[in-house]
Amino acid sequence: MLLRIILALGAAFLMGEAIVRIASSFLPDVRYLSSVRVKSRPHHYPSLEAFLKAQPHLVPYRDWRNYYNNSLGFNDLEFEIPKPPGRYRIVALGDSFCFSMAPYPAAVQTLIERQLARKCNRDLDLLNAGVPAVGLWEDRELFELLLPVWRPDALVLHFYLGNDGPDLFKRQDDLPFRQEPAIHSSFLTYVRNAIKVVRSREISPAAQIPPSRSHPDRVRGKGGEVVDPTIPPATDEDPALSGPLFSVEAFRKIMADEFGRLYVPEEGVSRAWKPFVGILEDMRRKAESAGVRFIIVLYPSRLQIYPDSSKELLTAVKELPGYQNLAEDRIDERAPNRYLLDWCARSGVACLDLTPFLAREAPLQPGPLYSGRDTHWNILGNRLAAAGEAAFLERELCDRKVDGPASGQE
């Protein structure tokens, strides 16, 4: 009897393993949940197409807030490849902040492109190449692969201060592991991650993205086009953008990781930042060799914009296991900003820190800049960030008579 049970469980496991592995070849969500957090060595892709195909969050023609993602899965219009003669091309790299949780017309890079198109006296486009859940090493990989294909004139790298740098409290850098696991079950990984997702999300039907009344047209649909014109445009009052999006416990854990980026230990800061600065320096050299302007924009964590609520969150975070020693006097909200701005100044890289601008403007706004119980900007946050970044890029890319380095804050 026991042998039969073991054989039945083994057969069920093998069937589940086969189903998940097959489904992951066709369904991006399954591929993501069956592989995320699996230890592996850094990947080097043979082509741009291979890189884009491997990203589970880039889904061609996806219905994103009732607007199609483009044929590559980006939250943008269709890219014109090859680049039209005489066009000045800007490529924006970054994670989900760059991709944007807002629909295409309200996304930060869309708004920046529109302002630059109005202000700059040149034919230009801005390709939003933001990929959710990527790190700095993947930004470098993507840049190297797109360089000969998209032929940008300027590269704007968006560095999210909430999780793109090292965690100085837990002494982790989030860089890819160097050794592949000896055994990896896609089925068990999928089940474990699916349970985490269900538990971490706020259980509220109203918080889900409203379904389109029509199915996405994968033949005629184009990036940036509306999917269902009968659905009203999204606003910050919509539950999918207003939140709360995460459960209380899950949000505390996310904020704990972000506090780790603002933590300043007694020693070891430069050592922890060394691999990140190495990637930035490598990107700078390769951009310079290709004649591409390299610009960095720092996107702040909500902890840096709302200090009063940050103190309340810190008290809650210190109740989590392993965070009892997270001392308030070791939290420096502008520490990563200063480190990166100092590197930019020494390296001659144009760098914009949006933190002072958003911190100054946030109290003057009619509502919050971030979705409830989430780390991302809502529509208002996208709009305000776009205003600050576009003004900076206008000066850097439109007004400059001779291209050269600059560094500053807003």
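Is arginine 65 buried or exposed? At 13% relative accessibility, arginine 65 counts as buried, where buried means under 20% relative accessible area, exposed over 50% and partly exposed in between, with a 1.4 Å probe and protein chains only. Arginine 65 lies in the loop between β1 (63–64) and β2, and has a positive phi of about 55° although it is not a glycine. Helices (H or I, at least four residues) and strands (E, at least two) are DSSP runs numbered from the N terminus.

This is a predicted model, in which local features need pLDDT of at least 70 and side-chain atom pairs count only at pLDDT 80 or more, while totals for chains, interfaces and linings use all residues. Residues are numbered from 1 along each chain as its sequence is written, and side-chain values use heavy atoms, with hydrogens and water left out.

Strand β3 (residues 88–93) is mostly covered, with 6 of its 6 residues buried. Tyr88, Ile90 and Ala92 point one way from β3, whereas Arg89, Val91 and Leu93 point the other way. Strands pair if DSSP finds at least two bridges between them; β3 runs parallel to strand β4 (residues 124–128), to which 5 bridges join it, and it pairs in the parallel sense with strand β5 (residues 154–160) over 4 bridges. Alanine 92 stands opposite asparagine 128 in β4 and opposite valine 156 in β5.

**Aromatic pairs**

The structure holds 15 aromatic pairs, counted where ring centres of Phe, Tyr and Trp (its six-membered ring) lie within 6.5 Å, with planes under 30 degrees apart called stacked, over 60 edge-to-face and the rest tilted. Two of these pairs are set out below.

| Pair | Centre to centre | Between planes | Arrangement |
|---|---|---|---|
| Phenylalanine 74 and phenylalanine 79 | 5.6 Å | 25° | stacked |
| Phenylalanine 97 and tyrosine 299 | 6.3 Å | 50° | tilted |

The pair of phenylalanine 97, in helix α4 (residues 96–99), and tyrosine 299, in strand β6, links distant parts of the chain, 202 residues apart. Phenylalanine 97 is buried, with a relative accessible area of 3%, and tyrosine 299 is buried at 1%. Phe97, Tyr160, Tyr299 and Trp377 form one aromatic cluster.

Proline 300 has its place in the loop between β6 (293–299) and α11 (302–305), and at 0% relative accessibility it counts as buried. Leaving aside neighbours within four places in sequence, proline 300 is in contact (heavy atoms within 4.5 Å) with residues including Tyr160, Leu161 and Trp377. Proline 300 and leucine 161 are 139 residues apart in sequence but 5.3 Å apart in space, C-alpha to C-alpha.

A search of the whole structure finds 1 cavity of 30 Å³ or more, a cavity being a set of points on a 1 Å grid over the protein atoms alone where a 1.4 Å probe fits but cannot get out, with lining residues having an atom within 4 Å of a point. Ser96, Phe97, Ser100, Met101, His376, Trp377 and Asn382 line the largest cavity. Serine 100, in the loop between α4 and α5 (108–119), has a phi near 90°, a positive value in a residue other than glycine.

**Cis peptide bonds**

The peptide bond from isoleucine 81 to proline 82 is cis, with omega near 5°, and proline 82 is in the loop between β2 (67–68) and β3. A cis peptide bond also joins glycine 243 and proline 244, with omega about 5°.

Terms used. 1 Å grid on protein atoms, 1.4 Å probe; cavity = no way out; pocket = protein on both sides within 12 Å on 5 of 7 lines; lining within 4 Å. Points joined across faces, edges and corners; volume = space filled by probe spheres on them.
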